[in-house]
Amino acid sequence: MTDAAATTAPDSGPDSGPGHIVATRAFYDAIAEDYADHFRDVFAAQTLELALLAGFAGLVKAAGGTGTGTGGSSGVSGKVADLGCGPGWVTGHLASCGLDVFGLDLSEPMLRIARRENPGLRFEQGSMLEPGIPDGTLAGVVSWYSSIHLPQDDLPALFAGFRRLLVPGGHLMLAFQAGEKARHLERPFGHPVALDFQRRRPDRMADALETAGFTLVLRSERAADEEQGESTPQAFLIARRPHADRSTPSTAGRPTAGRPTAHRS
């Protein structure tokens with residue numbers, strides 16, 4: 001959808017967690033089917049985005065991440081995680097590019113759509129802050145309009161977590177809206193929910209990735225597509241965990257719970 005940080009919801013029971021996590025889950029739970037119906041054809045027509053995802057898949061495979069779950073001479077696993085997968089469109093496209101990919105999302109209604117539309121792929125409910133994936137086991141991580149659902153202060157811990165999940169030489173891809181000001185969205189498709197979507201400057205996001213120990217591979221930005229209702233440019237970053245890692249970034253202040261969700265804005 002877009003960029004988001006918070007609204008309030010009670011922290012109790014299965015929906016317990018930081019307020020912005022609870023709000024993000026509630027938002028996408030409410031709009032899942034309408035969201036999928038509205039944006040399915042939009043995603044399918046995004047030629048540049050699909051090409052960038054295919055390029056990311058090529059980088060992962062060239063680094064040893066194959067669709068068979070085995071790597072090259074290093075023996076690296078080829079698994080890729082789509083963290084904040086929403087209705088699974090990115091997961092499905094990466095699978096069509098030959099990657100061994102699975103999806104993770106906060107919203108069970110979104111996951112039901114993903115499983116329905118991609119019956120051969122694995123989708124699990126969980127938080128990308130605490131994904132339950134062993135460190136150093138992924139050839140690739142994708143955060144496609146999902147980091148937008150975290151406050152700025154949580155990004156260092158998020159990016160450090162992504163780096164830990166990847167094998168040396170593994171790749172990360174981020175998509176987000178470029179800009180300075182958050183967008184507040186109320187009552188989407190008539191549902192009584194609201195969320196703030198955080199837009200971010202690509203240069204600052206690139207700096208944050210490098211601070212977390214990544215090497216930047218690609219920084220791309222396209223103009224807003226006003227015919228599709230976009231009001232800001234869309235930004236895309238690809239980064240790599242180096243084979244010769246620098247010292248492990250600090251994880252001080254790392255969140256202990258929660259997890260952002262899917263897409264665009």
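Which residue is the bridge partner of Arg 222 in β9? The partner is Gln 234. The model is predicted, with local features requiring pLDDT of at least 70 and side-chain atom pairs counted only at pLDDT 80 or more, while totals for chains, interfaces and linings use all residues. Residues are numbered from 1 along each chain as its sequence is written, and side-chain values use heavy atoms, with hydrogens and water left out.

Helices (H or I, at least four residues) and strands (E, at least two) are DSSP runs numbered from the N terminus, and two strands are taken to pair if DSSP finds at least two bridges between them. Strand β8 (residues 215–222) runs antiparallel to β9 and is joined to β9 by 7 bridges. Strand β5 (residues 166–177) also pairs with β9 in the antiparallel sense, over 7 bridges, and Leu 172 stands opposite Ala 239 of β9. Of the 7 residues of β9 (residues 234–240), 6 are buried, so this strand is largely enclosed by the rest of the structure; buried denotes under 20% relative accessible area, exposed over 50%, and partly exposed in between (1.4 Å probe, protein chains only).

Gln 177 is found in strand β5 and counts as buried at 1% relative accessibility. The side chains of Gln 177 and Arg 199 are joined by a polar contact of 3.1 Å. Such a contact is a pair of N or O atoms within 3.5 Å; within protein, one must be able to donate a hydrogen and the other to accept it, and residues adjacent in sequence count only if both atoms are side-chain atoms.
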